[in-house]
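Please keep the sequence and the structure in view while reading.

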Amino acid sequence: MIGGSQLSDEADQWRLWLQRHGAALILFARQWSASSADAEDSMQAGFLKFWRTRSRARDQVAYLYTCVRGAAMDLGRSQRRRTIREANTPRTDNDSSFIPNLERAERNAAIESALRELPADQREVVVMRIWGGLTFAQIGQALHLPLATAASRYRYAIKRLETDLSEKEVRHDER
Amino acid sequence: MTNDEQQIERLEREMTSMLPAAMPVGILDHLTDAMTHKITPQRKSDWLLLTAIGSGLAAAFVIVATLTVQSIPDTPAPSISPPMAAILFARADAPWNDIIK
């Protein structure tokens with residue numbers, strides 16, 4: 001049983017962690033969410049699940065990502081059912097998931113667009129690695145994959161992003 | 001390092017420089033509250049569910065107990081008390097013929 005002060009210390013540590021990495025966690029949840037608000041809800045639901053069950057985790061950060069992923073997928077599934085019921089509801093939230101950078105707006109938009117076009121299993125690995133800062137071992141643990149698979153999936157995704165972006169640049173230059 | 005590898009490295013650097021939209025402060029406060037209070041909303045709802053189940057069980061116990069007590073046969077009530085019987089006999093022995101006439 002964790003004592004009150006020990007619990008408070010742990011909560012302080014996680015508060016600091018969330019201040020630094022919370023945005024990446026919401027970006028991760030965004031992969032399965034229809035809107036930023038849904039991604040935030042999923043992130044909170046996932047974090048609360050993680051907090052209640054964190055004692056069973058081997059690597060707490062990897063387990064947190066697993067919990068957020070599960071919460072986002074659950075919410076995404078229930079929304080798909082709702083969308084089917086409410087047929088033809090347009091997706092209104094097309095906002096960027098990144099802080100705007102005026103100097104590199106066009107290039108960043110192209111990267112974000114290419115990222116959206118990646119298959120979900122590759123995209124999640126890229127988000128976890130680049131913005132979450134997870135190691136391949138942690139990614140493997142979070143997604144229940146062997147480390148080598150996580151690493152090769154990442155390399156394949158980056159290569160594909162690079163190719164897509166180069167092709168788009170060539171098309172852009174030809175116009 | 002090949003040209004391909006250089007391009008990939010450049011892309012990784014570019015992506016790392018893209019900062020995800022900040023997390024709203026309200027979320028951090030909400031999560032901090034949930035962490036520092038041992039009973040989270042989920043736990044509260046668990047307790048509510050357990051209370052409802054407990055109340056249902058208690059009500060079921062009371063109903064079963066009431067029905068059981070009612071089904072135990074009572075001590076047989078005396079059909080006619082002795083003084084009443086005496087009155088009836090007395091009335092049976094009355095001179096009915098004279099009264100009817």
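Read from the N terminus, the elements of chain B follow the order α-α-α-α-α. The model is a predicted one, and in it the secondary structure of chain B amounts to 5 helices and 0 strands. Of the 101 residues in this chain, 7% count as buried. Chain A has 7 helices and 0 strands, and its elements run α-α-α-α-α-α-α from the N terminus on. In chain A, buried residues account for 32% of the 175 residues. Where contacts in chain A join residues at least 6 apart in sequence, 64% of them link residues at least 24 apart.

Chain A has a mean pLDDT of 86, and 86% of its residues reach 70 or more. Among the elements of this chain, the highest mean pLDDT belongs to α6(A), at 96, and the lowest to α3(A), at 85. Residues 87-92 of chain A have a pLDDT below 50, and this stretch makes 2 contacts in the model beyond near neighbours in sequence.

The next topic is the contact between the two chains. Chain A contributes 29 residues to the contact and chain B contributes 24 residues. On the side of chain A that touches chain B, α1 (4-30), α2 (36-53), α4 (105-117) and α7 (147-174) each supply at least two residues. Of these, α1(A) gives the most, with 11 residues. Sorted by class, this side of chain A holds 17 nonpolar, 6 polar and 6 charged residues.

In soluble globular proteins, nonpolar side chains tend to be buried together. The largest nonpolar core in this model has 45 residues, of which A:I26, A:F28, A:A29, A:Y65, A:V68, A:V126 and A:M128 touch the most other members. At least two residues of this core come from each of α1, α2, α3 (60-85), α5 (120-130), α6 (136-143) and α7 of chain A, and likewise from α2 (25-36) of chain B. The element that gives the most to this core is α3(A), with 9 residues. For A:M128, the contacts beyond four places in sequence are with A:F28, A:Y65, A:L134, A:I139 and A:A142.

The buried residues in α2(A) are A:A39, A:E40, A:S42, A:M43, A:Q44, A:G46, A:F47 and A:F50. A:M43, which is found in this helix, has 29 other C-beta atoms within 10 Å and is therefore buried. Leaving out residues up to four places away in sequence, A:M43 touches A:L25, A:I26, A:A29 and A:V68. Between A:M43 and A:F28, which are 15 residues apart in sequence, the C-alpha to C-alpha separation is 8.6 Å.

Why does A:R129 count as buried? The reason is that A:R129 has 23 C-beta neighbours inside 10 Å, where 20 or more are required. Apart from neighbours within four places in sequence, A:R129 is in contact with A:L134, A:I139 and A:Y154. The C-alpha atom of A:R129 is separated by 9.8 Å from that of A:A150, 21 residues away along the chain.

Because 6 of its 8 residues are buried, α6(A) is largely enclosed by the rest of the structure. Those buried residues are A:F136, A:Q138, A:I139, A:G140, A:Q141 and A:A142. One of them, A:I139, is touched by A:M128 and is also in contact with A:R129.

After α6(A) comes A:H144, which is found in the loop between α6 and α7 of chain A. Is A:H144 buried or exposed? With 7 other C-beta atoms within 10 Å, A:H144 is exposed. Most residues other than glycine have a negative phi. The phi of A:H144 is near 60 degrees, a positive value in a residue other than glycine.

Note on methods: Residues are numbered from 1 along each chain as its sequence is written. Chains are lettered from A and ligands numbered from 1 in the order in which they are written. This is a predicted model: local features need pLDDT of at least 70, side-chain atom pairs count only at pLDDT 80 or more; totals for chains, interfaces and linings use all residues. Two residues are in contact if their C-beta atoms, placed from the backbone, lie within 7 Å. Helices (H or I, at least four residues) and strands (E, at least two) are DSSP runs, numbered from the N terminus. Ala, Val, Leu, Ile, Met, Phe, Trp, Tyr, Cys and Pro count as nonpolar, Asp, Glu, Lys and Arg as charged, and the others, Gly among them, as polar. A nonpolar core is a set of buried Ala, Val, Leu, Ile, Met, Phe, Trp, Tyr and Cys residues joined through C-beta atoms within 7 Å. A residue is buried if 20 or more other C-beta atoms lie within 10 Å of its own, exposed if 12 or fewer, and partly exposed in between; C-beta atoms are placed from the backbone. pLDDT is the predictor's confidence in each residue, from 0 to 100.
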